[in-house]
Amino acid sequence: MMTLYSGTTCPFSQRSRIVLYEKGMDFQIVDVDVFNLPEEIAVMNPYNRLPVLVERDLTLHESNIINEYIDERFPHPQLMPPEPVMRSRARLFLHRFEVELFSHVVTLESGAAAKGLADKARAALRDNLAQIVPIFVKQKFMLGEDFTMLDVAIAPLLWRLDHYQIQLPKQAAPLLKYAERIFSRPAFIDSMTPAEKAMRK
Ligand SMILES: N[C@@H](CCC(=O)N[C@@H](CS)C(=O)NCC(=O)O)C(=O)O
């Protein structure tokens with residue numbers, strides 16, 4: 001059985017929890033306090049971060065790498081596009097999310113960020129999210145009509161917009177509607193910890 005070491009408030013861990021619940025197979029989640037990491041995490045992940053996935057003699061870190069492994073191991077429902085061109089486009093998007101969005105999420109998550117830095121991170125997130133709004137005027141999910149790994153990757157950020165004190169302009173309504181579509185999925189609801197549920201009214 002797979003075991004996921006997951007931070008109870010960690011957006012990257014939430015990504016992997018969403019994938020596990022979307023697949024509907026047997027797994028175990030070990031809740032970890034991100035601000036008080038047990039020593040075993042450093043043994044499993046040289047960067048001492050969550051999430052970490054263990055299955056028999058395989059130990060993985062990095063949420064996107066963990067998620068692709070789960071997707072290949074349990075192919076239904078498939079979350080990465082099946083065909084090589086779309087698959088590589090999806091990977092490029094995932095990379096851009098990390099550079100343009102989640103680098104700023106990391107700043108906000110590290111409670112130690114100075115106020116100026118945190119405000120810059122909020123502004124960058126607001127502006128970069130505003131740029132993807134037109135996608136959702138035309139389609140239901142990031143890559144088209146189906147829920148994919150890209151929707152998994154961005155969902156924890158969309159859930160935390162109020163929690164991070166990010167205010168999007170009125171024109172972002174299609175993005176917020178898209179977020180609601182993700183939030184209503186049973187796997188998304190099941191993936192949340194009590195601390196995450198409390199982040200949004
Ligand atoms: N790029 C990593 C980011 C993981 C990450 O930053 N995890 C945070 C919690 S949300 C963590 O473990 N922080 C503990 C620390 O840095 O001491 C991923 O996608 O898994």
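Start with the shell around the ligand: its residues divide into seven nonpolar, one polar and two charged (Ala, Val, Leu, Ile, Met, Phe, Trp, Tyr, Cys and Pro count as nonpolar, Asp, Glu, Lys and Arg as charged, and the others, Gly among them, as polar). The model is predicted, local features need pLDDT of at least 70, side-chain atom pairs count only at pLDDT 80 or more, and totals for chains, interfaces and linings use all residues. Residues are numbered from 1 along each chain as its sequence is written, and side-chain values use heavy atoms, with hydrogens and water left out.

Select Cys-10, Pro-11, Phe-12, Val-34, Leu-37, Arg-49, Leu-50, Pro-51, Glu-62 and Ser-63, which surround the ligand (a heavy atom within 4 Å of it).

Next, show the polar contacts (pairs of N or O atoms within 3.5 Å). A ligand oxygen is 2.6 Å from a side-chain N or O atom of Ser-63, and a ligand nitrogen is 2.9 Å from one of Glu-62. At Leu-50, a polar backbone atom is 2.8 Å from a ligand oxygen. The ligand alone exposes 510 Å², of which the protein buries 76% (Shrake-Rupley method, 1.4 Å probe).

Stay on Leu-50 and go to its bond with Pro-51: this peptide is cis, with omega about 0 degrees. Pro-51 sits in the loop between helix H2 (39–44) and strand E3 (52–55) (DSSP runs, helices of at least four residues and strands of at least two, numbered from the N terminus).

Move to Arg-56, in the loop between E3 and strand E4 (58–61). Arg-56 is not a glycine, yet has a positive phi of about 50 degrees.

Finish at His-76 and Pro-77, joined by a cis peptide bond with omega near -10 degrees. Pro-77 lies in the loop between helix H3 (63–73) and helix H4 (84–109).

Note on methods: A polar contact is a pair of N or O atoms within 3.5 Å; within protein, one must be able to donate a hydrogen and the other to accept it, and residues adjacent in sequence count only if both atoms are side-chain atoms.
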